[in-house]
Amino acid sequence: MVERNVLGGELEECGTEPMTGFFRDGCCNTGPEDQGSHTICAVATAEFLEHQRSIGNDLSTPMPLYRFPGLQPGDRWCVTAINWARAHADGVAAPVVLAATNEAVLRLVPLATLQQHAVDVPEDLSGLDL
């Protein structure tokens, strides 16, 4: 079954360098085994990474056992809805790629909140005030 993004379209790839996703498939796919809801495709910033470390979610240190290389600012990563929401509440939410963010997150985070941090560039730029 094809998973959908928060915009209603087919879920796009979040990132493969490093390989992300709960299932390490490059996408923010989810399922019953994904207890953390790794559904938000975020672009890591230094502030976000430091915040995550401060709440006990170290995303910077490599952990080869879990095929985790450690993130650097600019990396795209499927983060948990709860930890992203906590960062948002603390004023350091990472930018979000809506087309690669799983619609399942909408049970936990409103679309309007995600849109405030969107970094997607639409395919059709004709409607934008450039």
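The accessible surface of the protein comes to about 7,300 Å², and 54% of it belongs to carbon and sulfur atoms, with areas computed by the Shrake-Rupley method with a 1.4 Å probe. This is a predicted model, in which local features need pLDDT of at least 70 and side-chain atom pairs count only at pLDDT 80 or more, while totals for chains, interfaces and linings use all residues. Residues are numbered from 1 along each chain as its sequence is written, and side-chain values use heavy atoms, leaving out hydrogens and water.

**Overall fold**
- The protein has three helices and two strands, which are DSSP runs (helices H or I of at least four residues, strands E of at least two), and along the sequence they follow the pattern β-α-β-α-α.
- Of the 130 residues, 41% count as buried, where buried means under 20% relative accessible area, with a 1.4 Å probe and protein chains only.

**Disulfides**
- A disulfide is a covalent bond between the sulfur atoms of two cysteines, and a search of the whole structure, which takes cysteine sulfur atoms within 2.5 Å as a pair, finds two.
- C14 is joined to C41 with an S to S distance of 2.1 Å; because C14 lies in the segment before β1 (38-43) and C41 in strand β1, the pair ties together parts that are 27 residues apart in sequence.
- C28 and C78 form a disulfide with their sulfur atoms 2.1 Å apart, and this pair links C28, in the segment before β1, to C78, in strand β2 (residues 76-80), 50 residues away.

**Handedness**
- The torsion about the S-S bond of C14 and C41 is about 85°, so that disulfide is right-handed.
- For C28 and C78 the torsion is about -95°, so their disulfide is left-handed.

Note on methods
Buried means under 20% relative accessible area, exposed over 50%, partly exposed in between (1.4 Å probe, protein chains only).
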